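Hi,

Here is the structure I promised to pass on. Have a look at it first, and then read my notes below.

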Amino acid sequence: MKQKVLLLLLSVLVVSGLSAQKNKKITAFAITAMEKGGSHWSEVRLVDVATGEVVETIYASSETPAVFNARTGKAIELKQAAVAPPQEYRYTRNVDGQQVTIIRRSHGNAISTDQPFATKSAALAYDKKHDRLYYTPMGIDQLRYIDMKSKTVKVFYFEDEPFGVLGKNREVAKQITRMVIASDGQGYALTNDAHHLVRFETDKKPEITDLGSVADAPGNAVSVHSAAGYGGDLVADEKKNLYLITANRNVFKISLENRVASYVGAITGLPRGYTTNGAVVEGASTVIVTSAHSTQGYYKFDLNTLQAEKISSGGTVYNASDLANGTLVSAKKKKEKKEPAVAETKPVDKENELAVERKRNSEQVSRPGSISVYPNPVVSGGSVRVRFSDQPGGRYTIQLLDISGKLISSRSVTISNKLQEEPYRLPELITSGNYLLKVVNEADQSSVVNKIVVQQ
């Protein structure tokens, strides 16, 4: 009888554990409209991106919050509304081969700049250290934050301090729609045209500094300044880098040391017409994205493969103009399996082993009728060269796999010469260890696999 009871309790515990894992919440702060499918970005909600459910309402435009000056702490009196001249902005965005035209109109209506989200917002960043949600309204070049520690809703404004260079014309190119708190604890915001990277400190006496323009890295296939990519969001890694995910799915890695943007690639696997407006890090190199226009779900992708998959399990979700959660991209190392111990008859000369390995690879490179890889070993984040010797012309796919055969990254090349070399850059976030580099022909009928060793 006791054994039956113990088995029953064990079964309950196992089922409960599996259920808890299945129902694990992955939360993020989101700027949404009041209703699903809306476009007036005036509400802030904490959502579970795994289900699409709302966990908590942080700010509702129907309420009247207390507003204060961020420098003095004094309450802010409501100002008289300003009248904006009639304007119309049009720009196109290429999403998965489909041209999406965005139209923004202003009919000269009164704009109340004192309300926290009067002009909508598409830039949000969560400051974990001080428990604050920083944001900036569209059309108003001013930094603001919601104090999450307060029992009542309190919003703080950095009054009379330019946050960007929006000016009177409120140009779409100069609007800030990307924001994040980086690993140095400071906030960074980027204009649509990427010509203004604004840093804001989060301590007691914060300074707001326009760091200037972000530059394209040499050889970028897509420019970080392209109007087709206006919108999107920023995430940060544990080092001094930002990742820009533009609204048309392109990914750039921006170094904070030199403000140079390197084009990483385009996200694949998203539904046709799905714009990527909000982004947060789930963990390691996994990023979750949401669309400002689509309610069909939230998606995640890996920064190494850029392959997306749906994460939300429910029905329709709140489309969001931005996401924030304060998590950073990290190069989390996997635990390597320990190999069985083997008795050694003599000391192993590792340097000599590497020299022999390099010599073997060098001999393989020069062999005709082969597909070979060098250098090997290679440094993590470095590049190898794939040499095609006496191979049939056509398209080939180079795939980087882990030792179990799981795809990490890939690229296509076209071979037209008797002897041709193609560079292949390894993802920066992979750990040291053994990997496979597989080359497959166009018909997927012939493949060659080379083992490579990655070192730190």
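Before the strands come up: two strands count as paired if DSSP finds at least two bridges between them. Also keep in mind that this is a predicted model.

With that in hand, take strand β33 (residues 433-441), which pairs with β34 in the antiparallel sense over 8 bridges.

Next, an open sheet. Four strands make it up, in the order β13-β14-β15-β16, with antiparallel pairing. Its edges are β13 (176-181) and β16 (208-210), each of which pairs on one side only. On average, neighbouring strands of this sheet are turned by 20° against each other, ignoring direction. Inside the sheet, β14 (residues 187-191) and β15 (residues 197-200) are joined by 4 bridges in the antiparallel sense, and alanine 189 has valine 198 in β15 as its bridge partner. As you look at the strands, remember that side chains in a regular strand alternate between the two faces of the sheet.

Now for the rings. A search of the whole structure turns up 12 aromatic pairs. One of them is phenylalanine 252 with tyrosine 263: the ring centres are 5.3 Å apart and the planes sit at 55°, so this pair is tilted. Phenylalanine 252 belongs to strand β20 (residues 250-255) and tyrosine 263 to strand β21 (residues 260-266), so the pair ties together parts 11 residues apart in sequence. Are these two residues buried or exposed? Phenylalanine 252 is buried, at a relative accessible area of 1%, while tyrosine 263 counts as partly exposed at 23% relative accessibility.

There is a cluster to look for as well: ring pairs link Phe68, Tyr134, Tyr145, Phe156, Phe158, Phe163 and Phe200.

Finally, two arginines over tyrosine rings. Arginine 144 lies over the face of tyrosine 157, 3.7 Å from the ring centre.

Cheers

Methods
Residues are numbered from 1 along each chain as its sequence is written. This is a predicted model: local features need pLDDT of at least 70, side-chain atom pairs count only at pLDDT 80 or more; totals for chains, interfaces and linings use all residues. Side-chain values use heavy atoms; hydrogens and water are left out. Rings of Phe, Tyr and Trp (its six-membered ring) pair if their centres lie within 6.5 Å; planes under 30 degrees apart count as stacked, over 60 as edge-to-face and the rest as tilted. Helices (H or I, at least four residues) and strands (E, at least two) are DSSP runs, numbered from the N terminus. Buried means under 20% relative accessible area, exposed over 50%, partly exposed in between (1.4 Å probe, protein chains only). A charge sits over a ring if NZ of Lys or CZ of Arg is within 6 Å of the ring centre and within 35 degrees of the ring normal. Axes are lines fitted to C-alpha atoms, for helices over the stretch in contact, and angles run from 0 to 180 degrees between N-to-C directions.
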